[in-house]
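Work through the exercises below with the sequence and the structure open beside you. Try each task before reading its solution.

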Amino acid sequence: CGAQLQEGSSGSVCALAFDQSDQTCVSASAPAVLRVWDVATGQLRLRFEPCHKSTVSCIDFHPGGTFFSSGSADGGLKVWDLRKQKELQSYRAGRPVTACRF
């Protein structure tokens, strides 16, 4: 097994994704919190809160590992930039987003 995560979430994990190198992981927990983890150390690197207006239902990494997307039950789809440590783009789907993929 790998390292244990050092700072747990208070809500249940709703979505989880690893980058292609398996070095970075993003978890989503209720209510609307995204956490970016260093897989090797288990350390929390970033936290986006609130990230959506509702529960996050999906996460996906861009193949380059610099960006990831998240979708939520409120119909929001967002693209996040790990280098700039902020939201890059936001879209409205008009219905719950249950899957996202680059």
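A salt bridge is a side-chain nitrogen of Lys or Arg within 4 Å of a carboxyl oxygen of Asp or Glu. The model used here is predicted.

**Exercise 1. Salt bridges**

Task: Find how far apart the closest N and O atoms of arginine 92 and aspartate 74 are, and decide whether the two form a salt bridge.

Solution. 
Step 1. The closest N and O atoms of arginine 92 and aspartate 74 are 3.8 Å apart.
Step 2. The cut-off is 4 Å, and arginine 92 does form a salt bridge with aspartate 74.
Step 3. Now place the partners: arginine 92 is in strand E8 (residues 86–92), while aspartate 74 is in the loop between E6 and E7. They are 18 residues apart, and the pair links distant parts of the chain.
Step 4. Arginine 92 has a relative accessible area of 57%, so this residue is exposed.

Task: How many salt bridges does the count come to? Describe the one between glutamate 87 and lysine 78.

Solution. 
Step 1. The count comes to 4 salt bridges.
Step 2. In one of them, the side chains of glutamate 87 and lysine 78 meet at 3.3 Å, N to O.
Step 3. Glutamate 87 is partly exposed, because its relative accessibility is 32%.
Step 4. Lysine 78, at 15%, counts as buried.

Task: Are arginine 83 and aspartate 81 buried or exposed?

Solution. 
Step 1. The side chains of these partners, arginine 83 and aspartate 81, meet in a salt bridge of 3.8 Å, N to O.
Step 2. Buried means under 20% relative accessible area, and exposed means over 50%.
Step 3. Arginine 83 has 61% and is therefore exposed.
Step 4. Aspartate 81 has 2% and is therefore buried.

**Exercise 2. Aromatic pairs**

Task: Classify the ring pair of phenylalanine 61 and phenylalanine 68, then that of phenylalanine 68 and tryptophan 80.

Solution. 
Step 1. A pair of aromatic rings is described by the distance of the centres and the angle of the planes.
Step 2. The count comes to 4 aromatic pairs. For phenylalanine 61 and phenylalanine 68, the centres are 5.9 Å apart with 45° between the planes, and the pair is tilted.
Step 3. The centres of the phenylalanine 68 and tryptophan 80 rings lie 6.2 Å apart with the planes at 15°, so this pair is stacked.
Step 4. Phenylalanine 68 and tryptophan 80 are both buried. Phenylalanine 61 is buried as well, at 6% relative accessibility.
Step 5. Ring pairs join Phe48, Phe61, Phe68 and Trp80 into a cluster.

**Exercise 3. The surroundings of serine 27**

Task: Is serine 27 buried or exposed, and which side chain makes a polar contact with the side chain of serine 27?

Solution. 
Step 1. Serine 27 is located in strand E2 (residues 24–29).
Step 2. Its relative accessible area is 8%, so serine 27 is buried.
Step 3. Leaving out residues up to four places away in sequence, serine 27 touches several residues, including Ala15, Leu16, Val33 and Ile59.
Step 4. The polar contact is with the side chain of tryptophan 37, at 3.0 Å.

Terms used:
Residues are numbered from 1 along each chain as its sequence is written. This is a predicted model: local features need pLDDT of at least 70, side-chain atom pairs count only at pLDDT 80 or more; totals for chains, interfaces and linings use all residues. Side-chain values use heavy atoms; hydrogens and water are left out. Helices (H or I, at least four residues) and strands (E, at least two) are DSSP runs, numbered from the N terminus. Buried means under 20% relative accessible area, exposed over 50%, partly exposed in between (1.4 Å probe, protein chains only). Contact means heavy atoms within 4.5 Å. A polar contact is a pair of N or O atoms within 3.5 Å; within protein, one must be able to donate a hydrogen and the other to accept it, and residues adjacent in sequence count only if both atoms are side-chain atoms. Rings of Phe, Tyr and Trp (its six-membered ring) pair if their centres lie within 6.5 Å; planes under 30 degrees apart count as stacked, over 60 as edge-to-face and the rest as tilted.
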